[in-house]
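Let's walk through this structure together, starting with strand pairing and moving on from there. Have the sequence and the model open side by side as you read.

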Amino acid sequence: AWDEFCYLGDCEGVLGRRYDVTIISASVPTNGDYDAFGGAPDLTVVFGTSSTDACRTSTIADVFSASWDEFCGFVFGDGGNFEIGLFDVDVTSDDLIAGWRWEGSDALIDLVRAYGQTLTQTSGVENVNYRVDPAF
């Protein structure tokens, strides 16, 4: 069916199930304008299905590329969305460097069907590498 994927020989409906999303790494260009006095950004990734159901990686200070291998579990619902945002953490507020959004059931189903693969989202020259795995 259009809303299923097969995992370990069993086909399952995608929506309404829990998935672990792992943030693996991210990188930004070395010539960006990140901090008031120059220098590398303090990178963190915020990801989730809404602002109230989101996770945040640890912050890695003063780097142009970072590795995490940190995950959170989410339930993808019918008509829902999923977002990943790459931020520079600053004293007064976090600055969004790049962001990606999957909106609607079809987009979430396509995201889940790529389970187990390291996926890359790129915006210009910024990128985030991540993986989606079924948690059932």
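Predicted model: local features only at pLDDT ≥ 70, side-chain atom pairs only at ≥ 80, totals over all residues.

Begin with strand E3, residues 18-27, which pairs with E6 in the antiparallel sense over nine bridges. Strands here are DSSP runs of E with at least two residues, numbered from the N terminus, and two strands pair if DSSP finds at least two bridges between them. Residues are numbered from 1 along each chain as its sequence is written, and side-chain values use heavy atoms, with hydrogens and water left out.

Now widen the view. An open sheet is formed by four strands in the order E6-E3-E10-E9, with antiparallel pairing. At its edges sit strand E6 (65-75) and strand E9 (119-123), each pairing on one side only. On average, neighbouring strands of this sheet are turned by 25° against each other, direction ignored; the axes behind this angle are lines fitted to C-alpha atoms, and angles run from 0 to 180 degrees between N-to-C directions.

Cysteine 55 is joined to cysteine 72, with S to S at 2.0 Å. Because cysteine 55 lies in strand E5 (residues 54-56) and cysteine 72 in strand E6, the pair ties together parts that are 17 residues apart in sequence. The torsion about their S-S bond is about -110°, so the disulfide is left-handed. Both cysteine 55 and cysteine 72 are buried, meaning under 20% relative accessible area with a 1.4 Å probe, protein chains only.

How values were computed: Disulfide = S-S within 2.5 Å. Buried < 20%, exposed > 50% of the residue type's maximum accessible area, 1.4 Å probe, protein only.
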